[in-house]
Amino acid sequence: MKHKLTIKWIYAPPEEQDGTRVLVDSLWPHGRDQDELGVHHWCRQAAPSSGLKRQLTKGELDWKNFARSYRDELHQRPEKIQLLLESIEQNNLTLLTAERDPEQSWVQLLKEQLELWISNGVPPKPF
């Protein structure tokens, strides 16, 4: 991978090496505007489905099963993250989230999946 892929908290100040900054949460941070946060794009469809997040929050899924289900969502609909794949081809890419500990959240799973697809190619959409 020739460009760098990183994860940052949405409220971290923008830095030159961030490249393209993309918010990947399903909800926009309350009371903040795009310029203030230094967000170039919003790719809310990259977030896990609300049903999947709800199952994790309610304890109906453990982390391992949540991770598998989220990866399955991405495999079933790789077009959900097409913007991210196109962005990393042209510049460094920073995934932004409101998660307090981004490296220990679903965003890390997204980053790992992107890195895998960048290295090996995006699998064809299942029928």
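How are H2 and H3 oriented relative to each other, roughly parallel or roughly antiparallel? In this predicted model, the axes of helix H2 (residues 50-57) and helix H3 (residues 63-76) come within 10 Å and cross at roughly 175°. Angles over 145 degrees count as roughly antiparallel, and H2 and H3 are therefore roughly antiparallel to each other. On the H2 side, the touching residues are Leu-52, Lys-53 and Leu-56. Helix H3 answers with Trp-63, Phe-66, Ser-69, Tyr-70 and Glu-73. Sorted by class, the residues where H2 meets H3 come out as five nonpolar, one polar and two charged.

Stepping back to the whole chain, the protein has five helices and four strands. Read from the N terminus, these elements follow the pattern β-β-α-β-α-α-α-β-α. The radius of gyration is 14 Å, close to the 14 Å that the globule rule gives for 127 residues, so the protein is as compact as a globular protein of that length. Along the principal axes, the C-alpha atoms fill a box of roughly 40 × 35 × 20 Å.

Now for the strands. The four of them form an open sheet with parallel pairing, in the order E1-E4-E2-E3. Strand E1 (5-9) and strand E3 (41-42) sit at the edges with a single partner strand each, so one side of each has no neighbour in the sheet. The partner of E1 is strand E4 (residues 93-97), and the two pair in the parallel sense over five bridges. Within this part of the sheet, Trp-9 stands opposite Thr-97 in E4.

Two helices can be followed as they pack on the sheet. Helix H4 (residues 82-90) touches E1, strand E2 (20-23), E3 and E4, and the direction of H4 makes about 140° with that of E4. Helix H5 (residues 106-120) also packs on the sheet, where H5 touches E1 and E4; the direction of H5 makes about 165° with that of E1.

H4 and H5 meet each other too. Their axes come within 11 Å and cross at roughly 65°, and the crossing is right-handed. Leu-84, Leu-85 and Ile-88 of H4 make the contact with Leu-110, Leu-114, Trp-117 and Ile-118 of H5. By class, this contact has seven nonpolar residues, with no polar and no charged ones.

Helix H5 has a meeting with H3 as well. The axes of H3 and H5 come within 10 Å and cross at roughly 45°, which makes H3 oblique to H5. Here too the handedness can be given: H3 passes H5 in a right-handed crossing. From H3, the contact takes in Trp-63, Phe-66, Ala-67, Tyr-70, Arg-71, Leu-74 and His-75. From H5 come Trp-106, Leu-109, Leu-110, Glu-112, Gln-113 and Trp-117. These residues of H3 and H5 divide into nine nonpolar, two polar and two charged.

Key:
Residues numbered from 1 in each chain as written. Predicted model: local features only at pLDDT ≥ 70, side-chain atom pairs only at ≥ 80, totals over all residues. Heavy atoms only, no water. Pairing = 2+ DSSP bridges. Contact = heavy atoms within 4.5 Å. Axes fitted to C-alpha atoms, helices over the stretch in contact; angles between N-to-C directions. Parallel < 35°, antiparallel > 145°, perpendicular 65-115°, else oblique. Left-handed = near helix turned anticlockwise from the far one by under 90°. Nonpolar A, V, L, I, M, F, W, Y, C, P; charged D, E, K, R; others polar. Rg over C-alpha atoms; globule rule 2.2 N^0.38 Å.
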